Amino acid sequence: MQMSLLTHLLGPRSAFDGGLYLPDRKAGLARRPIQTLHPEGPLHVPLTVRRDLTTEPVVRKGDRVVLGQALSRATNDQAVGVHAPCAGEILSLERVWTVEDGFLPGAVLVPDGSSDKVPQHQGWDDESIIVQLAECGVVCDMPRAPLHVVMRDAIAAGVTDLIVNAMETEPYLTADLRTLVEYPGRMIDATCELADALGVSRAILAVPFRHRRVVRRLQSEAAGRYVEIVALSNPYPQCHPVMLVKAILDREVAPGASILSEDAVVLPLATVRRASDAILSDLPTTHALMTVAGDAVEHAGTYRVPVGTPLARLAKRVGMLAPAAQAVYGGPLTGSAFGYEDAVVTHDSKALLLFGRADVSRPVPCVRCGWCIEDCPVGIDPPALMRLETEATCSEPKRIALRACIECGLCSHVCPSRLPLSETIIRNRIRFAGTESAPEGGTRH
Amino acid sequence: MTAGAPWLLSPSALRGEPPHRRGISTHRHILRTWIAAAAVVGFVGCALFGIDALRVIIVTLIFTFGVDLMFVVSLRRASSGRLSRTFLIGVLAGLTLPADVDWHVAAICGTVSAAVGNVIFGGWLHPALVGRVFVQFLFWEKLSLAGATVALGPVLSAANLFVGDLNQAVRVEHYQGWLETTPPPPADALELTPPLWSLRQFAQGQIPADGRLIFEPLLRDSLPPWIDTLIGAVPGGIGETSTLAIVVVGFFLIYRGYLRWQLPVAVLTSAFVAASILPIESGGDYVWFPVFAIEGGRAVGLAYVLYHLTAGQLMLGAFLLAGDVVSSPMRAHGQVVYGIGIGVLTIFMRLYGVLECECYWAILIMNVLVGTIDRFTSRRILGTAPADDSVAA
């Protein structure tokens with residue numbers, strides 16, 4: 001992508017209608033290097049990565065395990081096993097609570113402080129990358145599935161473009177940015193390996209234009225490789241795959257369709273980072289790279305946290321200025337608030353945000369300001385869909401609009417009346433999804 | 001934090017819906033900023049028209065607020081933000097009235113704004129304007145400029161701002177401009193011809209041409225200096241006249257993002273274009289493209305068009321009345337269409353219409369079309385063909 005002088009001076013234009021430049025709130029946060037938190041106290045490791053992916057435990061109560069040793073094994077080729085994040089003893093096998101999946105089968109691992117680990121062997125070349133990814137338990141963030149399943153589907157769909165998504169446009173989040181700052185060459189290497197495995201003709205690394213030094217560094221790292229560095233303007237939600245495909249490839253994903261239908265696959269940088277450990281170092285996924293931030297957090301920053309660490313302990317390790325009135329798992333616009341004390345870090349945790357003050361404003365009637373319509377990245381009309389809440393049926397255009405929503409949360413963010421627009425759209429999509437396939441009518445009454 | 005201290009305050013943390021960091025603008029911020037903007041214009045109006053202006057605004061406000069409060073209590077409908085909006089409507093309705101009306105005119109204007117505009121119509125016609133055009137009909141003989149051989153209205157002189165008495169107005173021969181003229185000592189105010197009246201008379205050919213000079217008699221004899229219309233020292237509604245104050249608060253609203261810049265730009269541009277093109281009557285035939293008129297080496301046509309923009313009503317309409325969030329189109333594209341309609345209709349009605357308050361009528365007419373405009377300017381959903389974009393509004 002050639003940059004004109006004007007583009008170089010002013011930055012690229014936003015590539016889609018709508019969207020909003022949010023205050024990024026990363027200023028001090030992004031300067032702190034990634035810190036590894038060593039386990040203290042028992043870890044409640046979930047033994048599967050998603051509720052519907054079944055695994056069977058391969059350890060028993062009282063066993064001693066070392067770092068990287070398998071704790072569970074996939075029972076079918078859709079699932080992946082889980083590996084021990086530290087050396088220690090299995091105290092018991094009991095269920096653990098995760099924010100996204102609720103209760104999962106888990107193991108309580110008491111670390112013994114030793115640094116024993118499974119010996120690494122570099123001999124994976126005789127297998128394919130996909131087998132290696134499955135064995136190392138690499139999971140993809142979006143779609144939430146094991147990476148080898150995502151890659152298999154992509155290969156079956158015959159994708160031609162791989163986009164690695166490093167556009168962290170949500171406020172507070174810094175994990176991808178720190179990864180690019182600290183391991184730029186490794187990310188390029190892993191992207192090349194994944195592109196090879198996928199057999200794509202273009203491999204693209206999308207980064208925010210505003211981090212110019214990172215962009216230059218990546219461009220020098222990628223010189224001579226076939227990874228293309230694309231620097232994009234970063235209105236929120238440029239980080240969403242649909243918007244990336246629109247901005248980079250100028251293809252529009254039909255409402256509700258998969259990205260694969262446009263011959264592209266979008267992998268988040270966090271996924272590529274996990275894959276790089278598996279491919280380049282033969283390390284299974286045992287830690288999550290998380291941003292811990294918010295006004296209630298004392299030492300906000302990017303942390304490498306062992307999977308299974310209770311979020312309460314993580315919060316205490318980073319220090320808190322006040323008890324959190326609102327705890328958010330994930331980004332501030334797409335994450336979910338939780339109030340359950342025992343939630344733990346999972347393989348795809350990306351952030352823990354703790355705020356000393358909760359937003360408790362109550363919704364009032366729509367004032368027709370039109371901000372949500374102007375800012376919606378996909379061009380739907382949130383107030384019109386809001387009215388579906390009181391209706392029994394859904395017309396076909398509205399059904400398309402419901403499917404087109406990418407759940408970025410921007411409409412709820414900008415709404416001056418504090419209406420829960422995004423949540424209502426998601427709820428109604430689920431509600432009307434069932435009636436869609438009904439033969440004859442359902443839409444017509 | 002000690003080990004035993006709670007890290008979560010559990011009850012409030014149960015709100016599971018994103019986003020967790022809201023945008024900073026609530027409806028309260030929007031309404032308060034709008035009220036402040038209207039209040040600044042009202043303050044300038046009080047300077048120009050004295051204590052009478054304040055009296056009119058307060059009476060309008062009391063009646064708007066009181067009537068709406070009555071409805072809220074009797075219908076048991078409680079929604080926050082509603083009374084702030086009523087407050088804004090009261091101030092805006094007061095701004096559209098002249099300062100020398102009786103208190104019962106202001107009272108009826110406020111009552112109709114609240115009862116009819118806000119409660120019965122639900123605000124989709126601009127409530128303040130509903131009240132304003134209602135009293136225009138009801139008190140026709142008092143408020144109308146038509147009919148009089150020479151319409152006159154009072155303005156305080158520059159030496160008596162705020163404190164002067166509007167009733168002690170005198171007519172000055174050989175008026176040279178507001179800043180230069182001082183009324184004879186007992187009088188505080190000047191009796192002047194409203195520029196809107198002059199423009200209307202001129203468009204109907206009532207101001208006779210001076211030989212071959214068509215525009216010169218209007219500019220020389222009938223209209224005050226253009227700078228007076230910028231300051232607002234011309235007769236008219238309390239908030240209608242001061243172009244400078246309106247533009248300043250309008251820019252502030254645009255800067256805060258509570259008014260889209262496209263709307264006033266569309267209104268003023270289209271009014272400029274319409275006034276430039278639409279013909280005026282002179283000596284039995286029509287003069288098209290008045291903007292290009294040059295008489296005695298002076299661009300009198302351009303001056304005539306600029307007077308149309310600043311003479312009154314249009315500036316208030318463009319910046320403070322048309323941009324009302326409830327009664328204007330949702331998208332910027334739609335607001336451009338809406339603004340163009342307002343600008344063209346205003347000039348058209350001013351030149352050829354019999355209705356006064358032409359800008360207010362134009363806004364009300366365009367309010368009726370807002371639903372249609374919204375439908376035609378709806379956005380295309382990403383990934384669908386242009387034909388599929390009709391999510392019913």
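Between which two elements of chain A does the loop with Y172(A) lie? Y172(A) sits in the loop between β10 (161-165) and α4 (175-182) of chain A. Helices here are DSSP runs of H or I with at least four residues, strands are runs of E with at least two, and both are numbered from the N terminus. The model is a predicted one, where local features need pLDDT of at least 70 and side-chain atom pairs count only at pLDDT 80 or more, while totals for chains, interfaces and linings use all residues. Residues are numbered from 1 along each chain as its sequence is written, and chains are lettered from A and ligands numbered from 1 in the order in which they are written.

Y172(A) has a phi near 75°, which is positive in a residue other than glycine. Y172(A) counts as buried because 25 other C-beta atoms lie within 10 Å. The cut-offs run like this: 20 or more other C-beta atoms within 10 Å of a residue's own make it buried, 12 or fewer make it exposed, and anything in between is partly exposed, with C-beta atoms placed from the backbone. D263(A) also has a positive phi without being glycine, this time near 60°. D263(A) is in the loop between α7 and β13 of chain A, and it is partly exposed because it has 17 C-beta neighbours inside 10 Å.

Chain A also has some cis peptide bonds to look at. One joins M142(A) and P143(A), with omega about 0°. P143(A) belongs to the loop between β8 (139-140) and β9 (145-146) of chain A, and it is partly exposed, since 13 other C-beta atoms lie within 10 Å. From P143(A) to P23(A) the gap is 120 residues in sequence and 27 Å in space, C-alpha to C-alpha. Another cis bond runs from Y236(A) to P237(A), again with omega near 0°. P237(A) is in the loop between β12 (227-232) and α7 (241-249) of chain A.

Helix α3 (residues 147-157) of chain A has buried residues L147(A), H148(A), V149(A), V150(A), M151(A) and A154(A). These pack against α2 (129-135), β8, β9, α5 (184-198), β13 (264-268) and α8 (269-281) of chain A. After α3(A) comes G158(A), with a positive phi near 70°.

On to domains, whose bounds come from an automatic or database domain assignment. Chain A splits into domain 1 (5-31 + 137-281), domain 2 (43-111), domain 3 (285-355) and domain 4 (371-436). The C-alpha centres of domain 1 and domain 2 of chain A are 30 Å apart. Five residues of domain 1 of chain A are in contact with eight of domain 2 of chain A, where contact means that C-beta atoms, placed from the backbone, lie within 7 Å.

Chain B has domain 1 (28-143) and domain 2 (193-376), with C-alpha centres 23 Å apart. Each side gives residues to the contact: 30 from domain 1 of chain B and 30 from domain 2 of chain B. On the domain 1 side, α1 (27-49), α2 (51-74), α3 (82-96) and α5 of chain B each give two or more residues. The largest share, twelve residues, is from α1(B).

How do the helices of chain B pack? Two packed helices are described by the angle between their axes and the distance between the axes. Axes are lines fitted to C-alpha atoms, for helices over the stretch in contact, and angles run from 0 to 180 degrees between N-to-C directions. α1(B) and helix α10 (residues 243-256) of chain B pack at about 170°, with axes 9 Å apart, and are therefore roughly antiparallel. Angles under 35 degrees count as roughly parallel, over 145 as roughly antiparallel, 65 to 115 as roughly perpendicular and the rest as oblique. The axes of helix α5 (residues 127-138) and helix α15 (residues 358-368) of chain B come within 10 Å and cross at roughly 130°, so α5(B) and α15(B) are oblique to each other. Here L129(B), R132(B) and V133(B) of α5(B) meet Y360(B), W361(B), I363(B) and L364(B) of α15(B).

Finally, the two chains touch: 60 residues of chain A are in contact with 43 residues of chain B. On the chain A side, the largest share, five residues, comes from α12(A).
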